[in-house]
Amino acid sequence: MPPGVVRLVSLALAAAALAACDRVPEGLEPVPSPVAGRATVVPGQPPVVWVAGQSEGVFGDALTVVEREGTRLRLERLAGEATRFFEPAGGDGWRRMPEADVEAIVAGTPLCIEALAVGQGYLALRVFVGAACGPLR
C-alpha cells in the first residue's frame, strides 16, 4: 500500500477511536470555540482545522461546503456514522442528529466543521449544522 494511503487510513482509525472515547451525557455536545490566529502544529498529531460555510451537498462518503469567499471544499466522511453531525439542542448545547436528518440537510444550510487536514484534503470529524464559526472580518 502506498505510504500516503497508509497514513490516511491510520489517521481515520485514530479519529474513529478518539470519537468512540469522547462520551458526553444525554447526547449533548459542547461546542469548542475555534480560535482565530495562526495555526499551530503539535508534533505527532494531525492538524485540526475548522471549516465554515454553507452546505452544497451531503453524501454517504463526503460533504461539499461553499466557503464565504466562494471556494468549494470537499470533506471526506469517516466510515459508518463516525463523522458526527449535531443540531442545536437549545441554549448552548448540541444534540447528535439522526442519520435520516443528516441526509436531509438542504443546500445553503450554514455548517461549522471540525476536520483533520490530511495531505491536500480534509476529513470531517464533527459537523455543527446551523452554526457559523471562525473569525469575523
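Buried means under 20% relative accessible area, exposed means over 50%, and partly exposed is in between, with a 1.4 Å probe and protein chains only. By that scale Trp94 is buried, with a relative accessible area of 11%. This is a predicted model, in which local features need pLDDT of at least 70 and side-chain atom pairs count only at pLDDT 80 or more, while totals for chains, interfaces and linings use all residues. Residues are numbered from 1 along each chain as its sequence is written, and side-chain values use heavy atoms, with hydrogens and water left out.

Start with the aromatic residues. Rings of Phe, Tyr and Trp (its six-membered ring) pair if their centres lie within 6.5 Å; planes under 30 degrees apart count as stacked, over 60 as edge-to-face and the rest as tilted. The structure holds three aromatic pairs. In one of them, the ring centres of Trp50 and Phe128 are 6.4 Å apart and the planes are at 25°, so the pair is stacked. Trp50 lies in strand β1 and Phe128 in strand β7 (residues 121–129), so this pair ties together parts 78 residues apart in sequence. Strands (E, at least two residues) and helices (H or I, at least four) are DSSP runs, numbered from the N terminus. Trp50 is partly exposed at 26%. Phe128 is buried, at 0% relative accessibility.

Phe128 also pairs with Trp94: the centres are 5.3 Å apart and the planes at 75°, so this pair is edge-to-face. Trp94 belongs to strand β5 (residues 94–96) and Phe128 to strand β7, so parts 34 residues apart in sequence are tied together. Ring pairs link Trp50, Phe86, Trp94 and Phe128 into a cluster.

Now the charged side chains. A salt bridge is a side-chain nitrogen of Lys or Arg within 4 Å of a carboxyl oxygen of Asp or Glu. The count comes to six. Among them is Glu56 with Arg72, whose closest N and O atoms are 2.6 Å apart. Glu56 sits in strand β1 (residues 48–58) and Arg72 in strand β3 (residues 72–77), 16 residues apart. Glu56 is partly exposed at 35%. Arg72 is exposed at 54%.

Strand β3 also holds Arg77, which lies 22 residues from Glu99 in helix α2 (residues 99–102). Arg77 is buried at 8%, whereas Glu99 is partly exposed at 22%.

Arg95 and Glu87 form a salt bridge at 3.6 Å. Arg95 is partly exposed at 39%, and Glu87 is partly exposed at 22%. Finally, a network of salt bridges links Asp61, Arg74 and Glu76.
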